[in-house]
Amino acid sequence: MRRLALLLWVLLAACSRGPDEVALRSEVQSRIDKTFKPGLLELAALKRQGSSPLPAASSGVERVLVYFNATLRLREGYDFKDWEGLSPATLAQVLGGKERGVFGVKAKENQPGDLLRIYGSGIYERSAQGWASVAAGPGETPRAPADPGNAAASISSKRYLDRLAAVVDIGPPGIDAESDKIISEELENALRTIARRRARAQELLTFASGPADGEYARVADAILGTVARRGRRAKSIGVETQGSIENALLLGRGQADYGIVQSDVAWLAASGAGPFAAEGPLAKIAALGSLYPEPVHIVVSASSPIRSVEDLRGKRVEIGTSHSGSRLNAVSVLQAHGIALKDLGEVRGEGTQAALRELRNGRIDAFFITVGAPARALQRLAAEHPVRLLPISAPAAARVVAEQPGVVRLTLPANTYPGQTEAIPTLAPTALLAATVDTPSDEVKALLEVAFEATDYLTAGSAQGVKIDKGTGLRGVSIPLHAAAAAYFGAPAPTRK
C-alpha cells in the first residue's frame, strides 16, 4: 500500500509540473490572438504531451518546458503563400515549435474550417498565482547538431594536411591574428573548391546554394530530395557557397549546374556591372523562375536611439560579407538615403553570425541582412535580445527600384518577429532559381515541376519554400528566362544578343 501511495504521489507531482491543460489552452489561444488577426485561428483541440525541468531562474523560481499538440481551425481563408502575409514559420515560433512541426498548410489558399496541427512547447515559471509563461532564455532554442562526417584522407592528401598542420602549429606563442585570418580565408575557399570539383568528378548534378545553415541551402536540399525520390537524377548535391555573388560566378563559369541567386545580383551578373565588372557579363546565366521574396532587414537593438536609415551616419554597421547579396543591398539602400560607406563610423563585413553576436554584445549599432522572412536567426535574436527593424523611406525605395531590376517593394507585416508591433516598409529582391542557357530543356522542365509543384518544403524544414508558387514565378525575374522556363510559365520566348 505504501508503495502504491508513493507511486500515486510521484505521478501527481509529475502531472502538476507546469500548467494544467485548461490553463495551457487559454495561454496558447492568447499567444495566437496576439500575433495573428483575432478570430482568424481558433484553438480547436490541445493535448498536453508532457514536460521536462529547466534550470531555475536567477531568482531561484522553478522553470519547466511543457510540450503539447495543438489543432487550430481557420475561421477565415488564409493564403500562406502571400509574400506579404505571415508565414507558417511565424506560427511555429509563436507556439514554440519548428516549421517541420506544422501540418495542414495547403498548396493553394487554406479555406475556412481547415485544420492546422502543430507540435508546440512553452517555458513556464511557478509563481504564487500558478504557472506563468516566460520567454526562452539564451541558448534554450534547440539546434540540430552538425554532422562532422567521417571520411578518411587519402595518402596524398594526408601529406598536404600534415604540411598545413606544420604551418598552423608552430608552437608558442602561436600564429599572429593577421596570419590566422589569411589561413582561415584561404582554407574556406579551398574547401568550397574541393567540394565543387569532387562533385563534378563524380558526375553529380551540382546546385550552388549558400551557407550551410541558410535558407538557400534548405530550399536546395528540399528540391534535390524530391528529385532523388522521383529517381529522375538521384546523383545530385548542394554545394556550400558564400551566397548570391559566388553562385552567379559559378554558374557563369560552368562550375555549377543550378543555383539560387538574388534577382538583383543576377541582373548585375548578366550585365557585367558592380561586383562582376572585372569578370565581364556572365551571358550564359538564365532564369528559371522566382522562388520567394528576400526582404532587406536593417536591425538595431530595441533600446537604440536609431530610428531611420539616416541615423546610421557615424555608426558601427555590419553590411554583409564581400560576396553576399546583403552587402550589395546595404550599399544601395544607404546610397539611396544619401549615405556613403565613408559616412559610417565603422563598416563591418563579417556576416550574419558575427552580426547577431556583435549586436547582442553592443559592439555594433546595426546590421543589414537580406533574407526570407521570418528568418530563424532573427526570430531567435528578437526572443533573446529585443530588436527593431528600420523602415526604408518611400523616396529611397523608389530610387533603388528604378536603378536595380529585380527589386520589388514589400511590407513586412506586424508580428513577423517577436516584439515587432508595426508593419515595416522595405525592399526585396527575389530568390531566383537559375541555370545556364545550354541546360537541357527536359531537365529544366522536370526541375521546375519539382520546385513549383511537387516539393513539400515545410516538411523539409524550409518555411520560405511555402511561398514558392507558379503564380508568382515571374515576379522579380530580372534576366532572360531559359526557353523551357518560358514555356513552363507561358511567357514569351527569350531573346538574346
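This report walks through the overall build of a predicted model and the cavities inside it.

## The chain as a whole

The chain has 497 residues, and 47% of them count as buried. Its secondary structure is made up of 14 helices and 16 strands.

## The largest cavity

A search of the whole structure turns up 2 cavities of 30 Å³ or more. The largest cavity holds about 70 Å³ of space. Its lining consists of 15 residues, and those nearest the centre are Gly-85, Ala-373, Leu-412, Pro-413 and Lys-467.

Strand β15, which covers residues 407–412, gives the most to this lining, with 3 residues. Sorted by class, the lining has 9 nonpolar, 5 polar and 1 charged residues.

## The second largest cavity

Now for the other one: the second largest cavity contains about 50 Å³ of space. Among the residues that line it are Asp-264, Val-296, Asn-329, Ser-332, Val-400 and Leu-427. Two or more lining residues come from each of α9 (325–336) and β16 (424–436), and α9 provides the largest share, 3 residues.

By class, the lining of the second largest cavity is made up of 6 nonpolar, 3 polar and 1 charged residues.

Note on methods:
Residues are numbered from 1 along each chain as its sequence is written. This is a predicted model: local features need pLDDT of at least 70, side-chain atom pairs count only at pLDDT 80 or more; totals for chains, interfaces and linings use all residues. Side-chain values use heavy atoms; hydrogens and water are left out. Helices (H or I, at least four residues) and strands (E, at least two) are DSSP runs, numbered from the N terminus. Buried means under 20% relative accessible area, exposed over 50%, partly exposed in between (1.4 Å probe, protein chains only). On a 1 Å grid over the protein atoms alone, a cavity is a set of points where a 1.4 Å probe fits but cannot get out, and a pocket is an open set with protein on both sides within 12 Å along at least five of seven lines; lining residues have an atom within 4 Å of a point. Grid points are joined across faces, edges and corners, and a volume is the space filled by probe spheres set on the points. Ala, Val, Leu, Ile, Met, Phe, Trp, Tyr, Cys and Pro count as nonpolar, Asp, Glu, Lys and Arg as charged, and the others, Gly among them, as polar.
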